[in-house]
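This report describes the fold and the cross-links of a protein model. The sequence and the structure are shown first, and the account follows.

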Amino acid sequence: MLKLIYTVVILLLVLATPAMAAKPYSYKTVQKRLAPCIKFIQGKYYSIKPSGRCCRGLIDISDMMKIGRKDYVTVCKYIKKTLLHMNYDPNLIKTGSQQCRTGFTLPPVGHTTNCA
């Protein structure tokens with residue numbers, strides 16, 4: 001019986017460790033979540049409101065940024081890196097975030113934004 005309990009405990013630890021160690025975001029994840037919003041933040045979208053896919057992406061990014069200060073800085077840098085070679089209006093990131101009612105309003109991340 002004791003051997004069975006030890007086996008179950010070890011199995012639970014092995015299964016739980018990868019889930020706890022995994023980051024909730026990555027540069028690729030931020031890129032993918034921001035992709036549906038590119039036309040919107042460039043001011044080239046046909047509507048004054050972001051699409052549903054864009055809103056889902058902004059909500060995910062908002063969730064990543066509100067985890068903690070270090071996460072906020074990292075995700076901010078990922079946004080800057082994603083948009084590095086694009087012309088866009090940083091204020092539309094914030095506006096889109098507000099229109100999508102994200103849990104945490106995204107800042108207007110521009111090329112010169114200091115994420116620290």
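## The link between cysteine 55 and cysteine 100

In this predicted model, cysteine 55 and cysteine 100 are joined by a disulfide, with an S to S distance of 2.0 Å. The link is left-handed, with -70 degrees about the S-S bond. Distant parts of the chain are connected in this way: cysteine 55 belongs to helix α4 and cysteine 100 to the segment after α6, 45 residues apart.

Both ends fall under the 20% limit for burial. Cysteine 55 has a relative accessible area of 16% and is therefore buried; cysteine 100 counts as buried because its relative accessibility is 9%.

## The other disulfides

The count of disulfides comes to 3. One of them pairs cysteine 37 with cysteine 54, the sulfur atoms lying 2.1 Å apart. Its S-S torsion is about 115 degrees, so this disulfide is right-handed. Because cysteine 37 sits in the loop between α2 and α3 and cysteine 54 in helix α4, the pair ties together parts 17 residues apart in sequence. Cysteine 37 and cysteine 54 are both buried.

Another disulfide connects cysteine 76 and cysteine 115, S to S 2.0 Å. This link is left-handed, with -65 degrees about the S-S bond. Cysteine 76 is in helix α5 and cysteine 115 in the segment after α6, so parts that are 39 residues apart in sequence are tied together. Cysteine 76 is buried at a relative accessible area of 1%, and cysteine 115 is buried at 5%. With the bonded cysteines numbered in sequence order, the pairing reads 1-2, 3-5, 4-6.

## Overall fold

The protein has 6 helices and 0 strands, in the order α-α-α-α-α-α along the sequence. It comprises 116 residues, of which 33% count as buried. Among contacts with a separation of 6 or more, 69% are between residues 24 or more positions apart. The accessible surface is about 7700 Å², and carbon and sulfur atoms account for 61% of this surface.

In soluble globular proteins, nonpolar side chains tend to be buried together. Here the largest nonpolar core contains 26 residues, and those with the most contacts inside it are Ile61, Met65, Val75, Ile79, Leu83 and Ile93. At least two residues of this core come from each of α2 (27–34), α3 (38–41), α4 (52–65), α5 (69–82) and α6 (91–99). The most is given by α4, with 6 residues.

Beyond its neighbours within four places in sequence, methionine 65 is in contact with Tyr72, Val75, Cys76, Ile79, Phe104, Leu106 and Pro107.

## Helix α6 and its cover

The buried residues of α6 are Leu92, Ile93, Gly96 and Ser97. These residues lie on the same side of α6, because they cover an arc of only 140 degrees around the axis. Their cover includes α3, α4 and α5. Following α6 is arginine 101, with a positive phi near 55 degrees.

## Serine 51

Serine 51 occupies the loop between α3 and α4. Its side chain reaches the backbone nitrogen of cysteine 54 at 3.1 Å. Apart from neighbours within four places in sequence, serine 51 is in contact with Pro36 and Tyr45. The C-alpha atoms of serine 51 and glycine 96 are 9.4 Å apart in space, while the two residues are 45 residues apart in sequence.

Notes:
Residues numbered from 1 in each chain as written. Predicted model: local features only at pLDDT ≥ 70, side-chain atom pairs only at ≥ 80, totals over all residues. Heavy atoms only, no water. Helix = DSSP H or I, 4+ residues; strand = E, 2+ residues; numbered from the N terminus. Buried < 20%, exposed > 50% of the residue type's maximum accessible area, 1.4 Å probe, protein only. Contact = heavy atoms within 4.5 Å. Areas by Shrake-Rupley, 256 points an atom, 1.4 Å probe, with all protein chains shown as cover. Core = buried A, V, L, I, M, F, W, Y, C linked by side-chain atoms within 4.5 Å. Polar contact = N/O pair within 3.5 Å; in protein donor to acceptor, adjacent residues only side chain to side chain. Arc of directions from axis to C-beta. Disulfide = S-S within 2.5 Å.
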